[in-house]
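Thanks for coming. Please look at the structure on the screen while I talk through its ligands and its domains.

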Amino acid sequence: MKEIRHFINGEYLGSDSGRIFDDIDPASGEVIARVHEGGQAEIDAAARAARDALDGEWGHMPVAQRMELLHKVADGINARFEEFLIAECQDTGKPRSLASHIDIPRGAANFKIFADLVKNVPTETFHMDTPDGAGALNYAVRHPKGVIGVISPWNLPLLLMTWKVGPALACGNTVVVKPSEETPQTTALLGEVMNEAGIPNGVYNVVHGFGPDSAGEFLTRHSQVDALTFTGETRTGTAIMKAAADGIRDVSFELGGKNPAIVFADADMDKAIEGTMRSAFANCGQVCFGTERVYVQRPVFDEFVARLKEGAESLRMGHFEDEGVNFGPLISQEHRDKVLGYYRLAEEEGATVVTGGGVPDMDARFGGGAWIQPTIWTGLDDDARVVREEIFGPCCHIRPFDDEDEVLGLANDTEYGLAASVWTRDLSRANRVARRLEAGLVWVNSWFLRDLRTPFGGSKMSGIGREGGVHGLEFYSELTNVCIKL
Ligand code: NAD
Ligand code: 6OD
């Protein structure tokens with residue numbers, strides 16, 4: 001049985017407490033690995049290593065050399081692509097096609113893109129007039145913020161962790177990562193790549209464990225951690241923000257969503273169906289900016305519902321290695337219980353179940369797996385809990401609308417503000433609607449089309465701050481303004 005240890009100061013270490021937990025294959029329910037659970041001692045050691053690395057070689061390394069090392073990390077992930085792929089698919093159950101097109105290549109790209117960006121970002125300068133006529137020159141200097149605590153979720157484990165670690169290291173920080181307890185493998189494997197690439201000890205540290213009263217909470221409370229970046233549930237974000245208040249530490253949060261898709265009658269229907277299929281069902285619906293509310297203009301409502309149903313029923317469930325599979329299990333039995341609770345609630349709230357609504361029949365090898373049917377509902381009231389609360393499963397509710405103002409009111413009537421997609425051939429309308437949507441990301445005639453140089457994040461309860469491109473630099477670095485009297 002595989003054993004997964006912490007990665008601290010360049011070494012794989014067990015826990016002082018000897019506490020171990022299971023890493024479960026969500027497709028079968030079998031134990032894949034045994035994981036060391038970190039406590040205060042491991043977080044102390046990791047934070048100390050990260051602080052020492054800042055004061056040592058890494059902190060004094062010329063920028064060009066740092067960037068060269070980050071390119072080597074990306075190359076190292078690509079060189080071990082298959083190993084990362086299998087580890088990610090085992091931990092999450094996601095289809096190989098998804099991990100090989102998105103998770104692993106993006107995991108590598110996150111190091112190159114941010115290294116190149118930091119190398120090329122200009123410095124702000126202002127010349128100012130002074131009474132003596134000689135003037136003064138102002139310029140801003142960027143410094144790393146220090147030790148960054150990174151807390152990541154299970155849905156896109158390598159991608160979402162490196163999306164934070166890439167820019168953090170590019171800006172010269174060091175990190176202590178607490179990956180999700182559900183998906184420890186790729187974060188652990190990345191330690192080997194860091195060593196192979198020649199990243200100095202203590203720059204990248206990993207402590208495994210849970211959230212409350214475990215490695216996650218201890219990391220958020222540690223006095224040597226200068227800032228916290230977190231992706232996960234809004235409720236967890238609240239707890240982390242309270243912890244960060246001690247020491248007035250900065251936070252960057254990517255949280256939950258209840259994202260709308262708006263389909264106008266003039267949309268290219270094939271593309272709208274294909275895009276909504278992906279946004280509702282890809283990764284078994286476990287994508288933060290996935291669609292759970294679909295608004296379709298009345299003239300095409302019936303056609304849209306019928307075609308999305310047909311699409312959902314044609315998804316092929318199975319093991320990530322099986323030919324043609326494009327739909328995996330949910331992450332865990334616990335999460336399936338939560339999603340099935342919403343499936344039952346939808347019926348209690350009066351939904352028409354267009355398709356799905358339960359658990360599929362799977363063959364014996366998947367007996368203990370967290371399988372669930374892709375599900376579509378219609379007919380719910382706008383204040384139904386199923387329409388208002390994030391479910392994070394492969395499901396959506398479809399509702400008809402008549403005009404632009406009405407649909408904007410419906411789409412914005414949520415406490416979340418992460419993402420939306422708009423389907424129409426009328427680009428003036430697309431622009432008008434996109435600008436009035438209360439969301440950090442709006443896709444027009446597309447979904448999950450991501451350029452890493454663009455700002456990413458949510459408004460309202462979906463997050464604080466923007467990462468991506470130069471926007472991440474604001475979080476991952478401190479600015480000093482130097483004013484020279486000439
Ligand atoms: P989660 O909040 O339960 O856990 C995320 C991480 O936080 C895990 O590593 C967990 O161990 C840790 N954690 C939990 N409680 C903690 C605490 N009190 N202190 C410190 N750490 C703690 O989220 P999840 O179940 O892993 O992921 C699903 C959620 O994440 C969904 O709500 C989804 O919308 C959200 N998400 C958002 C984005 C985004 O970019 N906005 C991306 C992916 C997932
Ligand atoms: O693509 C990204 O950069 C990103 N942060 C994706 C988030 C997906 C959430 O599930």
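Ligand 1 takes up the space of the largest pocket. A pocket here is found on a 1 Å grid over the protein atoms alone, as an open set of points with protein on both sides within 12 Å along at least five of seven lines. A molecule sits in one if more than half of its atoms lie within 2 Å of its grid points.

Before going on, some housekeeping. This is a predicted model, where local features need pLDDT of at least 70 and side-chain atom pairs count only at pLDDT 80 or more, while totals for chains, interfaces and linings use all residues. Residues are numbered from 1 along each chain as its sequence is written, chains are lettered from A and ligands numbered from 1 in the order in which they are written, and side-chain values use heavy atoms, with hydrogens and water left out.

Back to ligand 1. There are 31 residues around it, counting a residue if one of its heavy atoms lies within 4 Å. Those that come nearest are Lys178, Glu181, Thr236, Leu255 and Glu390. Which of them make polar contacts, meaning pairs of N or O atoms within 3.5 Å? Lys178 has a polar side-chain atom 2.7 Å from an oxygen atom of ligand 1. For Glu181 the distance from a polar side-chain atom to a ligand 1 oxygen is 2.7 Å, and for Thr236 it is 2.7 Å. On its own, ligand 1 has 840 Å² of accessible area, and the protein covers 92% of that; these areas come from the Shrake-Rupley method with a 1.4 Å probe.

Now ligand 2, which sits in the largest cavity, a cavity being a set of grid points where a 1.4 Å probe fits but cannot get out. Alone, ligand 2 exposes 300 Å², and the protein buries 100% of it.

Where does ligand 2 lie relative to the domains? Domain 1 (2-255 + 462-485) and domain 2 (259-451) both give residues to its shell, so ligand 2 lies between them. Those bounds come from an automatic or database domain assignment. The C-alpha centres of the two domains are 31 Å apart.

Methods:
1 Å grid on protein atoms, 1.4 Å probe; cavity = no way out; pocket = protein on both sides within 12 Å on 5 of 7 lines; lining within 4 Å. Polar contact = N/O pair within 3.5 Å; in protein donor to acceptor, adjacent residues only side chain to side chain.
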